[in-house]
Amino acid sequence: MSDQSGSSVLLPPGGQSILVVIAHPDDAEFLCGGTIARLAQEGHDIHYLLVTRGDKGTDSADVTPARLAALREQEQRRAAEVLGVKHVTFLEGYADSEVEVTLALRSDLVLVIRQWKPDVVFTFDPWRRNEVHPDHRAVGICTLDALACARVRLSFPEQLRDGLTPHRVRDIYYFSTDQPNHWVDISNVLDKKIEAMRCHESQMGNFDPEAFARRRGSQAGIEHKYKYAEAFHHYVLS
Ligand SMILES: [Zn+2]
């Protein structure tokens, strides 16, 4: 499963269209930005789907949630451009830190899956021990639930009009996992990942993205002797 050659990310055959479901601006760059950069370089069509705009992500008393949301949306769009991600969509109606496992969110995700018809989905591992952020857990659970329902004709049947059809996704890759079984060599794109992380200026403060990316990347790469890597739990849906 691991990427031994450095020449390919080794996604399943036919895995051309990739959906990345995240909770907040900056999640993708921090947690799988190197892999996204490589997938974009290899010509994959990548879609970011954000459940919130990260409107609670500040310690400043001077910024309102609405202004922060607008700022972070722009930061996310710039970061996606750096990595080569062509499509960035934000769901409406979900506030940062208030995302729950609901039928409404499942339905929204099912609709996007049926519209975009991805071959492969990336999202949070909702079962990671000590996954503190409630949004990360909820987004991971709802994404898996949505994959289970998107393929069933009688699930959310009101969506199946104007030519929209059920869609089956086979492969899911969980990032931010404590049970990795798939590693991607990001040594050649680490600088790109850091550049994309820096786009999230509102989140930087005294934080050093380069030190963070090098430390996390080298930790993830140790097992397979990569200088820098990102680790995933790959699961094939039956
Ligand atoms: Zn997050």
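This is a predicted model: local features need pLDDT of at least 70, side-chain atom pairs count only at pLDDT 80 or more; totals for chains, interfaces and linings use all residues.

1. The values quoted here are computed from it, and local features are discussed where pLDDT is at least 70.

2. Helix α6 covers residues 209–221, which makes 13 residues, and from the first C-alpha to the last it reaches 18 Å, close to the 18 Å expected at 1.5 Å a residue. Its buried residues are P209, A213, G217, A220 and G221. Viewed down the axis of α6, these buried residues fall within an arc of 90°, so they line one face of the helix. A211, R215 and Q219, on the other side of α6, are exposed. The cover over the buried residues of α6 includes strand β6 (182–185), helix α5 (190–198) and strand β7 (229–236).

3. How do α5 and α6 pack against each other? The angle is about 135° and the axes are 9 Å apart, and the two helices are therefore oblique to each other. The crossing in which α5 passes α6 is right-handed. On the α5 side the contact is made by L190, K193, I194, M197 and R198, and on the α6 side by P209, E210, A213 and G217.

4. Helix α2 runs over residues 65–83 and has 19 residues; its span from first to last C-alpha is 27 Å, close to the 27 Å expected at 1.5 Å a residue. The buried residues of α2 are L68, A69, L71, R72, E75, Q76, A79, A80, V82 and L83, a list that includes the residues R72, E75 and Q76. The packing partners of these buried residues are α1 (27–41), β2 (45–50), β3 (87–90) and α5. Just after α2 comes G84, which takes a positive phi of about 90°.

5. Helix α5 also packs with α2, at an angle of about 165° and with the axes 8 Å apart; α2 and α5 are therefore roughly antiparallel to each other. Here too the crossing, in which α2 passes α5, is right-handed. The residues that meet are A79, V82 and L83 in α2 and K192, E195 and A196 in α5.

6. L83 deserves a point of its own, since this residue of helix α2 is buried, with 26 other C-beta atoms within 10 Å. Not counting residues up to four places away in sequence, L83 touches G33, I36, A37, A40, K192 and A196. L83 and V20 are 63 residues apart in sequence, and their C-alpha atoms are 13 Å apart in space.

7. With neighbours within four places in sequence left aside, V21 is in contact with L49, L109, V121, T123, V139 and T143. From V21 to H182 there are 161 residues in sequence and 18 Å in space, C-alpha to C-alpha.

8. L50 is found in strand β2 and is buried, with 24 other C-beta atoms within 10 Å. Which residues does L50 contact, once neighbours within four places in sequence are left aside? They are I22, P25, Q76, F90 and L91, and Q76 is also listed among the buried residues of α2. L50 and S97 are separated by 47 residues in sequence and by 13 Å in space, C-alpha to C-alpha.

9. Two backbone angles are worth a look in the viewer. D26, which lies in the loop between β1 and α1, has a positive phi of about 95° although it is not a glycine; with 24 C-beta neighbours inside 10 Å, D26 counts as buried. K117 is found in the loop between α3 (103–116) and β4 (120–124), and has a positive phi of about 55° although it is not a glycine. K117 is partly exposed, with 16 other C-beta atoms within 10 Å.

Terms used:
Residues are numbered from 1 along each chain as its sequence is written. Helices (H or I, at least four residues) and strands (E, at least two) are DSSP runs, numbered from the N terminus. The expected span of a helix is 1.5 Å times one less than its number of residues. A residue is buried if 20 or more other C-beta atoms lie within 10 Å of its own, exposed if 12 or fewer, and partly exposed in between; C-beta atoms are placed from the backbone. The arc is that of the directions from the helix axis to the C-beta atoms. Two residues are in contact if their C-beta atoms, placed from the backbone, lie within 7 Å. Axes are lines fitted to C-alpha atoms, for helices over the stretch in contact, and angles run from 0 to 180 degrees between N-to-C directions. Angles under 35 degrees count as roughly parallel, over 145 as roughly antiparallel, 65 to 115 as roughly perpendicular and the rest as oblique. A crossing is left-handed if the near helix is turned anticlockwise from the far one by less than a right angle, and right-handed if clockwise.
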